[in-house]
Amino acid sequence: MIKALLLFSGGLDSILAAKVLERQKIKVFPICFESYFFGCNLAKKSAKNLGLRLKIIDFSKEHLKIVKSPKYGYGKTFNPCIDCHLLMIKGAKKFLGKQKFDILATGEVLGERPFSQRKEIFKLIEKRANLENKILRPLSIKLLPETIYEKKNLIDRKKLFSIRGKSRKPQINLAKKFKIKEFPTPAGGCILTDRQYSERLKTLFKRIPDFNGSDTKILRKGRVFWKKNFLIVVGRNEKENKELKKSQDKDDLILEPENFPGPTVLIRGFRKKIKEDTIMKANELLLNYSKKLPEKIIIEIK
Ligand code: SF4
């Protein structure tokens, strides 16, 4: 049986790619990459629905390096998509020989993402990964050069597709043909495409160039403020207050109202001792976002 390793996010495109390959009696092995900025929950769910066993690779550390310094730049936000795809392809390539896969495939659609899903970028990634004409993109393959897999008759090009652009209509029609009833909406997988988060991350990078994975996570929550090179995060609700407490690192401080309702505040020290004026500022913020203040205010610092 022919075996294909398929890069799999769990979104509609990757579900369709899996179906298209299976229709040609190819056995599909989905692989998903997770980092500080995106996970594989959707991929897990979709793979389960398809009855496929998912392989998950955590490449957080390598991915963080390209987020800080992408060779091919960023898209609209802080998303280094070209470098990210290249890293995933190189990661997947390691399994090709080891586990004797015949085909490497992705669910990419030409022109769906103007920054990273262009012909010249597909070509560049193939070249950099040393996989020229060895990445099968079944949803758009008829618009792309023939791959080695078609030449070897491992797959029939005539039964593949020429989907192009941002409209999801062709994919939805194809999903109907495959009788796929439940499929995810396109947005939301990678937080690097979120404008507000990206701005926070850019500021973090400017102030603390050696930031780590834990620092990227803390930017997801609360109201964020800076005092010199210390970060102050104010919880917006009970859930965020609890999460902030759980996120406390060795050099962080947590401020909590003792005798009145108000937010939890975390000061991230970034491996340095937090200065007095920063604690004062965090105190001020805590009081600003508290409602009923008593005459005598008690704030606990942990
Ligand atoms: S959107 Fe995020 S996960 Fe997707 S390629 Fe870009 S950086 Fe990677």
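## A tour by charged side chains

Select Lys239 and Glu243: the two are four residues apart in helix H10 (residues 238-246), so about one helical turn separates them. Helices here are DSSP runs of H or I with at least four residues, strands are runs of E with at least two, and both are numbered from the N terminus.

You are looking at a predicted model, in which local features need pLDDT of at least 70 and side-chain atom pairs count only at pLDDT 80 or more, while totals for chains, interfaces and linings use all residues. Residues are numbered from 1 along each chain as its sequence is written, and side-chain values use heavy atoms, with hydrogens and water left out.

**Stop 1: helix H10**

Stay on the opening pair. Lys239 and Glu243 form a salt bridge, with the closest N and O atoms 3.5 Å apart. The term means a side-chain nitrogen of Lys or Arg within 4 Å of a carboxyl oxygen of Asp or Glu. Lys239 counts as exposed because its relative accessibility is 59%. Glu243, at 27%, is partly exposed. The classes are buried under 20% relative accessible area, exposed over 50%, and partly exposed in between (1.4 Å probe, protein chains only).

**Stop 2: from H10 to strand S7**

Next, select Lys245 and Glu256. Their side chains meet in a salt bridge of 2.9 Å, N to O. Lys245 lies in helix H10 and Glu256 in strand S7, so this pair ties together parts 11 residues apart in sequence. Lys245 is partly exposed at 37% relative accessibility. Glu256 is buried, at 12%.

Thr264 sits in the loop between strand S7 (253-257) and strand S8 (265-268). With 4% relative accessibility, Thr264 is buried.

**Stop 3: a link across the sequence**

Go to Lys228 and Asp277. They form a salt bridge, the closest N and O atoms being 2.8 Å apart. This pair links distant parts of the chain, 49 residues apart: Lys228 is in the loop between strand S5 (223-227) and strand S6 (230-234), and Asp277 is in helix H11 (residues 276-288). Lys228 is exposed at 52% relative accessibility, and Asp277 is partly exposed at 29%. The structure holds 16 salt bridges.

**Stop 4: a positive patch**

Show the surface and select Lys71, Lys90, Lys93, Arg128, Lys134 and Lys152. Together they form a positive surface patch. Patch members have over 30% relative accessible area and no salt bridge; like charges are joined within 9 Å. Lys and Arg count as positive and Asp and Glu as negative, leaving out His and the chain ends. Zoom in on Lys93, which lies in helix H4 (residues 81-98). Lys93 is partly exposed, at 30% relative accessibility.

**Stop 5: strand S1**

Select Ala4, in strand S1 (residues 3-7). Ala4 is buried, at 0% relative accessibility.

**Last stop: the whole chain**

Zoom out. The chain has 11 helices and nine strands. Its C-alpha atoms fill a box of roughly 80 × 40 × 35 Å along the principal axes. Of its 302 residues, 49% count as buried.

Technical notes. Patches are made of residues with over 30% relative accessible area and no salt bridge: like charges are joined within 9 Å, nonpolar side chains (Val, Leu, Ile, Met, Phe, Trp, Tyr) within 5 Å. Accessible areas come from the Shrake-Rupley method with a 1.4 Å probe; for residues, only the protein chains shown count as cover. The place of a charge is taken as NZ of Lys, CZ of Arg, CG of Asp or CD of Glu.
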